[in-house]
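Let's take a walk through this structure together. Keep the 3D view open and follow along.

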Amino acid sequence: MSNEYKNMENNITKEQNDAFYMWIAKTIYDFFKNLAAAKALEDGEKFYLNLSNPEEVEGIYNALCKLAKKLKLNQVFELNGYETLEISISGSIQVIVCPKDNAVSDGFFAKLRNLNRTMLILDYAPIDTIESGAVSLKATGYPFSPKDLQTELSDSIKRSNFNEVEKGVLMYSLDEIINDQYEDSSSLYLFKPIIVILENGKLKDSDYYGLHLLPDERFLQKKLSKAEIKRIYDENKKIYLNLDDVFQYQNIKEALEGKYKRKLISELEKKKDNNEEWFSDLSYEKVKKNEIQSNQSELDLDRLIIETYSDENGLVEPLESFVRHEGETKAKKRNIHLLIFNPEPYKTVNLKISYPKLLSSFEWAKTGSSKIDTVLSDNKKSVLVKIDADFIGVYSLKMVRDRENNISKEKVNFFVEILGIDSIYLEPYKTCFLVSKYKKSQSVSNLPITLLWDQELFFEGKNIDSVKLETLEPNSIYPIQYNEKLELKLDGNDYEAHIDFGIKVGLIEVPLRLNTEIQKKLTLNDEAIHILTLQKQKSFKYYSYNGKTTIELENVAYSVSKALNHFFDMEQKIIAEQMFASEISEDSLIPIELDLPEEIKQAYLSLLDQFRKEKTIPSLAYYNDDLRRVATEYIEKVKTYLSNINPGNTLTVPNMGVLQLGTVFNQDDHTIYFTPFHPLNMLYRLKLSAIALEGGFDALDWKNTSENVLMKMLSSLYLVPYINMSINQLYKVIEAKSTLEWVCYGLANDDRFKAEQNFVSKIVREKIKQFIEHFPFLFSGLTNDILAIKLVNMGTGSEALKGIIEFYIGEIKTHKSVDDMISMNIYIYLQEGVVSAFEVLRNINSLTRYLMNSSYVENKFIADLEVILSSKIHCYNVRDIDDAFVYSHLTFFEMKDSDEQASARSINMNTGLSLNGLVSGLSSTHDGIWYKTGFGLKNSVKNDLSCFSDTLNSLYRVFNTSNGYEEGLTIITQLEVYPLSRTK
């Protein structure tokens, strides 16, 4: 269940519950009354309404009793001492209302079922003996089906006596409930707040909380435009959800300080301590009154620009510096740590702090044993800090300003240390250091730099020709030469929280402190990386030290999954070893020599060199001016060369060499990758970068990439759906093994790649959910409540496993306990030589690794999934499809391939391209008795991306064959659709 609606029950009072139950009672009565009037209600018909809990059953039953008594239609049905309500609908037609009661056995309900009487069962747990012969009032066409309920509520709002503003509020709330993808829209309680309001005929202040809004005087206005109502609604809802999120999941003071007055913050903290609802007695006006209004927008720390240099003798000499925030929380981001490297050394070091807006409102305080001067620039948008650096030392700076009305102060702390060594010695630690905070009682020149590091330590200079191994001893100093690498081993002893030591470069000692506690890094998936590079228009830096890799953006280190890191390592090796193409053999990347035209070879090498200078790799890169220039030159050289291949000619060795640029052949699993170095993938990234320059990705939230469907669609996946890269071997795109940057191709006839398309997981997830919803009595606990699933001809079953895990993630989101979740028996019919993806369930270690490396699994779900998957799923491998064919509730079966390879003109094939080729899919075209599938340009808008894709599709059709090249003739697969007479 989504955070927005999960506390719905807590916002409902007893009075509101009674109104909710009465509305349902009236709806039930009207349903039977209308059936009787239409003479469509017959004796002996059985109906049931499945509810969420016993309280709802009791509430609705009592409301029906109250309504029937008011209408003087109430009677008592009695059988063997059991008494319940009987409602006289009309004439001789009565409906017996049977609420589920633990005091009444299911066997007695079976007796009731055998009576030839019209009956309504109210239950909260399916009763197979009754419901198997009854009609659900939630079925389509009945009053409580999601579709009918939504229509009824929408119509009720429109014909109500509420004013137009109130109607708008209710309609927007209804739309949000309906469109919430995490909600089960068949659950009546989701609509409870709206039903209560409609039943009461008025909107009270307390009703707004149920809609996740704050009471708002603006809603009392009689007339507003629809746009204005929506604007007010969205603003109110945003404030409510923000405060709700802070109250439930964050440190209230830390999250709200500087935004709201201390009075409101204290009130919320007190409510949390007392387990009270945060919104009680709060209104929109009260919240806004406590909002800190300031003409000074809060300092955006990400927009601070920090430069370090010396300008002695009138010459500006840049100085290397490492800059990092103390942490990612708001408070810790205000502590900025700087290491400035001054190996010359210069007598004066300049620290320039710039910001797009005025800094004149800030005052500067400084501490340290050397003179520090601060000078505000003429445009008041930068401050120059001049530090007398005659000696090595630590300095503290603080920029402070009063907020308006003196409510609080806004301050940023800078902890600066100047080192007289080259930055290369501390390069591995640029994202994980802390400068000591200066205190008057300390010797400023002996304060250590803290390294937040949990691996083996190493320090290295340039042009390394020797390695020195030492064991780290507390309070020891280790000399290091410029051409030397020093490795410090931890001896396995239990150290204290930190270890003090130092390195000595020449005559300069650098005191260090190792903090051995494991430092948590935020893990980014593919989509998050792309969004960040495009939004910030900056590349991630890529570092690999002692076999450990780190990616860094704006001095913040992140981690990635093992699977994604594997691709990044290959990209780094391709750059380092200048590989034009390569192959994977026994997990090693081996270069493939290509016969290439000299101008293309040089353009490609210039591209690799630029990535090296930028300290990044293509999957982490934003194509700035320099990268864009060399990438464009490389792509244009390739396009020009390929355009000069004459139609009718067989491809030459250099022709095929160009087509292999940026490819990786995996000999271990017989797959081929188009890497980010492939000219088509690079052209695609240039298109995305151009959109980023226009702000096209600014609205995406990289922290919620599961909701960013668009970003997942933005890849070059199906621009070239089929390739011939081996003699008589057709390769097709394998979605499940591809990333946004690496497009994987597998043998079209390889059984391992059956059902390896991304949509398969969605089908599995949705079919499981639908089956359980449609046949709840099968899993009521009265019989065997295990869901049996067969997977036949599904390759490794990796996408089926993903679908099952996504189903359980959905169960976690509804806050269902593990005991209440359904168990599954999975029968996997495997082809010879295929290893099942479900093998990861064999032990907890492999399962944990799989979940941690799966981009679709958020970290917060891993612990729950470990328990659920290890206890709820039981797998059985079946090698012979003719043996042990057992009964199952669901069978997922991919039909044996019966399509064949052929060729077709791309202009005659329906296009799968949209957004100028930025979104690509695999489309099919019906042609006579054939269904043809492949790359198409029919009904598409031509541009350089689609035209280049068309050229490549035509060339890969004849790759490694004696066939002549034909423009616009591409690979397709086709399936014959037999006429009816033949199928007989």
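Asp944 is partly exposed, with 31% relative accessibility, where partly exposed sits between buried (under 20% relative accessible area) and exposed (over 50%), using a 1.4 Å probe and protein chains only. Helices here are DSSP runs (H or I, at least four residues), numbered from the N terminus.

A quick note on the source: this is a predicted model, where local features need pLDDT of at least 70 and side-chain atom pairs count only at pLDDT 80 or more, while totals for chains, interfaces and linings use all residues. Residues are numbered from 1 along each chain as its sequence is written, and side-chain values use heavy atoms, leaving out hydrogens and water.

Now hop over to helix H9, where Glu228 and Arg231 are three residues apart, or about one helical turn. Why does that spacing matter? An α-helix has 3.6 residues a turn, so residues three or four places apart point the same way. The side chains of Glu228 and Arg231 meet in a salt bridge (2.7 Å, N to O), and both belong to a network of salt bridges that also includes Asp216 and Lys288.

Finally, find helix H7: seven of its nine residues are buried, so the rest of the structure largely encloses it.

Key:
Helices (H or I, at least four residues) and strands (E, at least two) are DSSP runs, numbered from the N terminus. A salt bridge is a side-chain nitrogen of Lys or Arg within 4 Å of a carboxyl oxygen of Asp or Glu.
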